[in-house]
Amino acid sequence: MENLVDFANMFLVSNGLFFAALGASETSNDKLKVGLSVAGVLVSVFWIICTLDVVLDEKAGNKENVLIYMPLAFIIGWTVSLGIHTYNWWREANPAS
């Protein structure tokens, strides 16, 4: 359980920094937003890998299930962000389409 909490703290901080950077970036800078979204997906994938490694070694209870599913929520959120900003970047690069 303690390892899950440590991983959650570590990866929540890094994901929080990426979210803050995404929110602070210019509205029209979709290239930067795509890059931040890719980095967010990668960090979240690393988070789920570390979480699964700990869960496979220890038996998780009901309280730990929240910490297990949290990285999945971030992966979904970052994937949606990546899709939206990639589409906006593509649309900006191809105005005739």
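## Methionine 10 and the basis of the model

At 45% relative accessibility, methionine 10 counts as partly exposed, a class that lies between buried (under 20% relative accessible area) and exposed (over 50%), with a 1.4 Å probe and protein chains only. Methionine 10 sits in helix H1. Its C-alpha is 8.9 Å from the C-alpha of tryptophan 47, a residue 37 positions apart from it in sequence.

This is a predicted model, in which local features need pLDDT of at least 70 and side-chain atom pairs count only at pLDDT 80 or more, while totals for chains, interfaces and linings use all residues. Residues are numbered from 1 along each chain as its sequence is written, and side-chain values use heavy atoms, with hydrogens and water left out.

## Overall fold

The protein chain has three helices and zero strands, in the order α-α-α from the N terminus. Helices (H or I, at least four residues) and strands (E, at least two) are DSSP runs, numbered from the N terminus. H1 covers residues 2-24 and H3 covers residues 62-93, and H2 covers 30-57.

Of the 97 residues in the protein chain, 29% are buried. The accessible surface comes to about 6100 Å², and carbon and sulfur atoms account for 67% of that surface; the areas come from the Shrake-Rupley method with a 1.4 Å probe, and for residues only the protein chains shown count as cover. A contact means heavy atoms within 4.5 Å. Among contacts between residues at least 6 apart in sequence, 77% join residues at least 24 apart.

## Aromatic pairs

A pair of aromatic rings is described by the distance of the centres and the angle of the planes. Rings of Phe, Tyr and Trp (its six-membered ring) pair if their centres lie within 6.5 Å; planes under 30 degrees apart count as stacked, over 60 as edge-to-face and the rest as tilted. The structure holds five aromatic pairs. One of them joins phenylalanine 19 and phenylalanine 74, a tilted pair at 6.0 Å centre to centre with 50 degrees between the planes. This pair links distant parts of the chain, with phenylalanine 19 in H1 and phenylalanine 74 in H3, 55 residues apart. Phenylalanine 19 is partly exposed at 37% relative accessible area, whereas phenylalanine 74 is buried at 17%.

Phenylalanine 19 also pairs with tryptophan 78: the ring centres are 4.4 Å apart and the planes stand at 15 degrees, so this pair is stacked. The pair again links H1 with H3, across 59 residues. Tryptophan 78 is buried, with 0% relative accessibility. Phe11, Phe19, Trp47, Phe74 and Trp78 form one aromatic cluster.

## Nonpolar core

In soluble globular proteins, nonpolar side chains tend to be buried together. A nonpolar core is here a set of buried Ala, Val, Leu, Ile, Met, Phe, Trp, Tyr and Cys residues joined through side-chain atoms within 4.5 Å. The largest such core has 12 residues, among them Phe11, Val41, Trp47, Phe74 and Trp78. H1, H2 and H3 each supply at least two residues of this core, and H2 provides the largest share, five residues.

Beyond residues up to four places away in sequence, valine 41 touches Trp78 and Thr79.

Threonine 51 is in helix H2 and is buried, with a relative accessible area of 1%. Apart from neighbours within four places in sequence, threonine 51 is in contact with Leu4, Leu67, Ile68 and Pro71. Threonine 51 and tyrosine 69 are 18 residues apart in sequence, and their C-alpha atoms are 9.3 Å apart in space.

Lysine 33 also belongs to H2. Lysine 33 is buried yet has no salt bridge, and the nearest side chain of opposite charge, aspartate 30, is 5.0 Å away. A salt bridge is a side-chain nitrogen of Lys or Arg within 4 Å of a carboxyl oxygen of Asp or Glu; Lys and Arg count as positive and Asp and Glu as negative, with His and the chain ends not counted. Leaving out residues up to four places away in sequence, lysine 33 touches Leu22, Ser25, Glu26, Thr27 and His85. In H3, alanine 73 is partly exposed at 49% relative accessibility. Alanine 73 and serine 44 are 29 residues apart in sequence and 9.0 Å apart, C-alpha to C-alpha.
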